[in-house]
Amino acid sequence: MPRTLNPETYALRRDAFVDAAQRLIQTKGYQQFSVQDVLDELDASKGAFYHYFDSKAALLDAVIDQMADAAAARLEPVLANPNLSAAQKVDALFNGLAQFKAEQKELVLAILRVWLSDDNTIVRETYRRLVTARMVPWLDAIVRQGIAEGKFSATFPGLVTRVLASLIQGTSELAGELWVARQTDSVSFKEVEDTFAAYREAFERIVGAQPGTLTLVDGPTLRFWFG
């Protein structure tokens, strides 16, 4: 009869592999570290690794999932705050994500390098599905609240949230490209500001908000990443 592993013990052991991978991604880069590096860091066997993950790519997925869980744990109490307006929640969502990424800048940039690699289309698609799954329920609640407040006028709130999720994905992907371009001064900071202003305007139009209702990303955050 096969041995049954306690769910809590299973989760702790699996998390140890994820944490080791996160450290290696930050210090060596995803392309440069191997499964053996993870095993050496934990003094674990290949059998132990493949008990939890079927590949290095699956381990990267788990790192991204762990980041998403941590971001959600921080954002959800803010988005559930009954004292915040819908517009405030939109800005809190964007700025909260930006702040979370800033606190893990080295890891975010390491994953960005994987993201931009032509060899990692599967990673990009996994991330896009994850963003949609996480964002749509949050956005749905925010849009409906904005309509109830008389500040948003979206005609199809149940459908428009997927459009907004796609817009956020596009913003995130373009932000990565702009960050790379800023490292070589291929784009100016003014171009970055104008790009985010255009996305803000698009977001406002989609939800039916008055111009200037939203901020999305504030000046200090843009300076931190692109200044």
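This is a predicted model: local features need pLDDT of at least 70, side-chain atom pairs count only at pLDDT 80 or more; totals for chains, interfaces and linings use all residues.
Residues are numbered from 1 along each chain as its sequence is written, and side-chain values use heavy atoms, with hydrogens and water left out.

Staying with H5 for a moment, its buried residues (under 20% relative accessible area, with exposed meaning over 50% and partly exposed in between, for a 1.4 Å probe and protein chains only) include Ala-86, Ala-87, Val-90, Asp-91, Leu-93 and Phe-94. Lys-89 and Asn-95 also belong to the buried residues of H5.

Now for the chain as a whole. Its secondary structure comes to 10 helices and zero strands, and along its principal axes the C-alpha trace spans about 60 × 50 × 25 Å. Of the 227 residues in the chain, 42% are buried. If we take contacts, meaning heavy atoms within 4.5 Å, between residues at least 6 apart in sequence, then 68% of them join residues at least 24 apart.

Let me turn to helix H2, residues 35-42, whose buried residues are Val-35, Val-38 and Leu-39. They cover an arc of only 100° around the axis, which puts them on the same side of H2; the arc is that of the directions from the helix axis to the C-beta atoms. Those buried residues pack against helix H1 (7-27), helix H3 (46-52) and H4.

What follows H2 in the chain? The helix is followed by Asp-43, whose phi is positive, near 55°, and Asp-43 is a residue other than glycine. Asp-43 lies in the loop between H2 and H3, and at 75% relative accessibility it counts as exposed. Asp-185 lies in the loop between H8 and H9 and is exposed, with a relative accessible area of 60%.

Leu-59, in helix H4, counts as buried at 1% relative accessibility. Leaving aside residues up to four places away in sequence, Leu-59 touches Phe-17, Val-18, Ala-21, Val-38, Phe-49 and Phe-53, and one of these, Val-38, is also among the buried residues of H2. Leu-59 and Asp-19 are 40 residues apart in sequence and 10.0 Å apart in space, C-alpha to C-alpha.

Gln-169 is in helix H8 and counts as buried at 11% relative accessibility; not counting residues up to four places away in sequence, Gln-169 touches Arg-128, Val-131 and Thr-132.

Leu-214 has its place in the loop between helix H9 (189-207) and H10, and is buried, with a relative accessible area of 3%. With the same exclusion of residues up to four places away in sequence, Leu-214 touches Ala-87, Val-90, Asp-91, Arg-200, Phe-203 and Glu-204. The C-alpha atoms of Leu-214 and Leu-93, 121 residues apart along the chain, are separated by 11 Å.

Rolling a probe the size of a water molecule over the atoms shows where empty space is left. On a 1 Å grid over the protein atoms alone, a cavity is a set of points where a 1.4 Å probe fits but cannot get out, and lining residues have an atom within 4 Å of a point.

How many cavities of 30 Å³ or more does the structure hold? There is one, and the largest cavity has a volume of about 930 Å³, where grid points are joined across faces, edges and corners, and a volume is the space filled by probe spheres set on the points. Of the 35 residues that line the largest cavity, the closest to its centre are Leu-97, Lys-101, Val-108, Tyr-127 and Ser-172.

H8 gives the most to this lining, with eight residues.

How values were computed: On a 1 Å grid over the protein atoms alone, a cavity is a set of points where a 1.4 Å probe fits but cannot get out, and a pocket is an open set with protein on both sides within 12 Å along at least five of seven lines; lining residues have an atom within 4 Å of a point. Helices (H or I, at least four residues) and strands (E, at least two) are DSSP runs, numbered from the N terminus.
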